[in-house]
Amino acid sequence: MVRSTTRRWMALGGCVALFAAGCSDAEEGATAHLDAVSQSVTLADRLAECAQDPRVVAGLVSQDICAGAGVFFHETFEGNGRTCGSCHPVDNNTTLDVQFIRTLDQNSPDDPLFVFRQVPELAELETSDLLDDAGILENVDGFIDSSHRFVSRGVNHILSLSTSIRADSGDGTTNPPAERTGWGGDGSSDGTLRGFLKDAIAQHFPRRLDREPGVDFRLPTAAEENVTLAFQLSLGRLNELDLDRVRMSDAEAEDGRLAFMDPNRGRCNVCHHNAGANFQDTGNNRNFDTGTRTKGSPLNGGTFGDEFLADGGFGGRDLAAPNFDATGIGFANSFGNGTFNPPPLIEAADTPPFFHNNLQINDRADPGINDAVTFYASAPFNLSPAALELEQRFGTPLDLAPLDSNAISRFLRALNAAFNVDIAKQRLDAARVLVDRFANTRADVQQRLMELARVELDDAIEVMAPMTLYPAASQQLDLARAEIAQGLTAGSASERRNRIANAISRVTTARAQFGQNITFVLGQGNLMY
């Protein structure tokens, strides 16, 4: 059931406008707060700092990727204090989920992510969805009447973008997007990932909802756009798997691989070729209408006149009135055409919530990948245009059996855990290179890489635990975590180096148990934070 938009966040009691009468103290305090959190650093300074960064000096990361990470994680663009990393934190798989947000709120209630509670003028920057369901307010169809004309969506992770953003020309939605960004595939007004940065700044970083460039934020320079693009394209993996050659050591996960690819069982490989985000026939990202929009969303929506405004997906930017019936009520109640672009599935199991509207099918208390896979056995999917396309392609409707759904979920968990383990090892390998070359000089970089490696090991263990997947590997990963913990408190560079080496050995032993030909080429951006 969609919740009413009356559950909008209000900040500082009744002072909902920065310049409201009697709110001079709030105005002064809010302005001081924004000034304190919105300082910028020039790109030249970032490049100079990166030239001295041990990861750059050691050849592990390019200077541009280093500087791009600095812009992404630390640049506020003279706005409200948020950065790109506010919604795409490195230690949460570059996405937001309910547990992460609630923990952040408990430990750091003044974090810029929650600026709408601190600055009255920004009270309507978000809705209650942020804390309730990890949904963020998006004016995907333009900033006309932005406080009412909005949708609420989950936060896309930004891992492996280099494999997933090429637009497929066969779905009729490639004008203007040349590259797929956002859940609708049209998140960038100029149709490119490079241009997405300025749109994100206007959406999420403003000091006021007027969103006036030069007043409420500054726009990125061309050079900042370039290095940020380089960083984003270097995150996650840079290659696709070949599922025809992959073999899983776990028998049920292997059966899940077969079901994933079998047109008589799962049909997943058509729209998520090789467990990525691309259409099987073209190798590019194609938009689909899978019916998720017709299944009751837990998220808020905006209004148009007196009517609830649903999420119509692709298209609709700056239209004067709704043009599409997104929820099957018999009249237009959204902007768009009902299609959304698929995310890659290798990274899916530890990046919930799922779908553009954080949809959960059976159990809101367990938003896991198993729940998400069951959607494809539901009536909303089976009646959707995407399902009908599959029926025309193969001659029969999809009949996803519960055993196949479970096996596919296990397969996806295994792929995700292997990916986690590889990124952990990449970070540990880098930490070992740095300690060998620099000893205790910039030990903080080595230690942060070790901490982030441990985060990935935690993710792998958590992804596998619900289905008791690869228990012997999980034991090795636990031992690797213990080595990292001791390495973080080591009293010398040599002791830290030994602990890193021990952890790498444990991780390597665990990884060998997953299967064959699960080979990921990893980007340099995974070493940045």
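**Labels and their grounds**

Author: Helix 4 is mostly covered, since nine of its twelve residues are buried. This is a predicted model, in which local features need pLDDT of at least 70, side-chain atom pairs count only at pLDDT 80 or more, and totals for chains, interfaces and linings use all residues. Residues are numbered from 1 along each chain as its sequence is written, and side-chain values use heavy atoms, with hydrogens and water left out.

Reader: What makes residues of helix 4 buried?

Author: Buried means under 20% relative accessible area, with exposed over 50% and partly exposed in between (1.4 Å probe, protein chains only); among the residues of helix 4 that are buried are Ile65, Val71 and Phe73.

Reader: How do you know that the span of helix 4 agrees with its number of residues?

Author: The expected span is 1.5 Å times one less than the number of residues, so the twelve residues of helix 4 (63–74) should span 16 Å, and the end C-alpha atoms are 16 Å apart, which agrees.

Reader: Why is the space lined by Val90, Asn93 and Thr94, among others, called a cavity?

Author: On a 1 Å grid over the protein atoms alone, a cavity is a set of points where a 1.4 Å probe fits but cannot get out, and lining residues have an atom within 4 Å of a point. The largest cavity has a volume of about 90 Å³, and the largest share of its lining, four residues, comes from helix 16 (residues 402–438). The second largest cavity has a volume of about 40 Å³, and its lining includes Glu124 and Arg211.

Conventions:
Helix = DSSP H or I, 4+ residues; strand = E, 2+ residues; numbered from the N terminus. 1 Å grid on protein atoms, 1.4 Å probe; cavity = no way out; pocket = protein on both sides within 12 Å on 5 of 7 lines; lining within 4 Å. Points joined across faces, edges and corners; volume = space filled by probe spheres on them.
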